[in-house]
Amino acid sequence: MNERDEGGRGRPGGGGQGRPNGAPRGGQGGRGRKPHRKPKGRPLDGWLIVDKPSGIGSTDVVNKVKRLFNAQKAGHGGTLDPLATGLLPVAFGAATKTVPYVMDGTKTYRFTLRFGEARDTDDADGKVIATSDARPTDEQINAALPAFRGDIMQVPPIYSAIKIAGERAYDLAREGQAVEIAPRPARVDRFELIERPDADTAIFHVQSGKGVYMRSLARDLAQACGTVGHIAALRRLRVGPFLEAHGIPLDRLLVSGDTPLPSPDLLLPVTTALADIPALAVTEAEAARLFQGQALSLVDLMGRVPDAADPNGGLVRAMAGGRLIGLCRLEDGWMHPERVLIGERAEAGGEEPQS
């Protein structure tokens, strides 16, 4: 539900700041240097698309599958609250560098809005804070929906990961403090009533961009219809290029007794997450320059820039011989490397030997 996980772009700069020129690393005379420790687990790269059940948090899912696959590094591409079910993309290894691009992609949801009770969390897991006997008709709901489509301003739930003066909103709410969150821009491409089981409930289909809270949509729509409400059920159907067909139920992955560990063959290639980004072929020499952080002139790439690529700030996938080199931004007549993946087995979809 909460789509405000902000993936890190880039890594902090280093360079030995605070260390005198010529001084050895790791303390005086090199003493105290910590030995390099080999990362625990297998070096896996790729995406595992988990169909998350209700009742478990996104971080718990990541921790479980990371242990199951004995993977060195894992993260997820967009939080789902414990109540929610559906697609939770889990990134392994080099795929963690592509998490921000997955989170920027289109998402679709189906949720059930229950009228008559407002909850402090804006979903069924929270405490009742207001009630109403009013129940809107289908006509009233459909009349209210257009105001929630397109570019809108939305107030996130107080139980969210939004930071207020350095503190998470949900931590402040749990402490009983008053939480005020300013409205934020959101993009909703589709918001439709698809079923009305009874007067108390309505089922909706939503297609949205990054950072849209389904709980806020449900809460605000109920208020626009002259009543109160909360989400009773929520399912995520799509995250960027990942569809329900890619999802693997979590209970199929969990092992016990003599059940073999899940195979790395279940992982989708790192490049799957970038399928919507146009590909641009580069030579090995150009790939080496990108790896060194150098930009390439679009004049030299004439005839290779795909028609779908936007030369004014658009992204492309730099590919060399079928290998993903990284993601580059087209700007001011140059192709600038933005996220380089070469050297990290980025083309792999399974085992080989943010963010």
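**Salt bridges and nonpolar cores**

In the predicted model, Asp51 and Arg235 form a salt bridge in which the closest N and O atoms are 2.7 Å apart. This pair links distant parts of the chain, with Asp51 in strand S1 (residues 46-52) and Arg235 in strand S12, 184 residues apart. Asp51 is buried, with a relative accessible area of 18%, and Arg235 is buried at 17%. Glu244 is linked with Asp51 and Arg235 in a network of salt bridges. The whole structure contains 16 salt bridges.

Another salt bridge joins Arg219 and Asp122, at 3.3 Å from N to O. Arg219 lies in helix H5 and Asp122 in the loop between strand S5 (117-119) and strand S6 (128-131), so the pair ties together parts that are 97 residues apart in sequence. Arg219 has a relative accessible area of 14% and is buried; Asp122 is buried at 7%. Lys210 forms a salt bridge with Asp104, with the closest N and O atoms 3.5 Å apart. Lys210 is partly exposed, with a relative accessible area of 28%, and Asp104 is partly exposed at 36%.

The largest nonpolar core has 28 residues, and those with the most contacts inside it include Ile141, Phe204 and Leu221. Helix H5 supplies the largest share of this core, 5 residues. A second, separate core of 21 residues includes Met103, Phe242, Leu315 and Met319.

Cys225 is found in the loop between helix H5 (214-224) and strand S12 (229-239), and is buried, with a relative accessible area of 13%. Beyond its neighbours within four places in sequence, Cys225 is in contact with Pro136, Gln140, Ile141 and Ala144. The C-alpha atoms of Cys225 and Ile141 are separated by 6.4 Å, although these residues are 84 residues apart along the chain.

Technical notes
Residues numbered from 1 in each chain as written. Predicted model: local features only at pLDDT ≥ 70, side-chain atom pairs only at ≥ 80, totals over all residues. Heavy atoms only, no water. Helix = DSSP H or I, 4+ residues; strand = E, 2+ residues; numbered from the N terminus. Buried < 20%, exposed > 50% of the residue type's maximum accessible area, 1.4 Å probe, protein only. Contact = heavy atoms within 4.5 Å. Core = buried A, V, L, I, M, F, W, Y, C linked by side-chain atoms within 4.5 Å. Salt bridge = Lys/Arg side-chain N within 4 Å of Asp/Glu carboxyl O.
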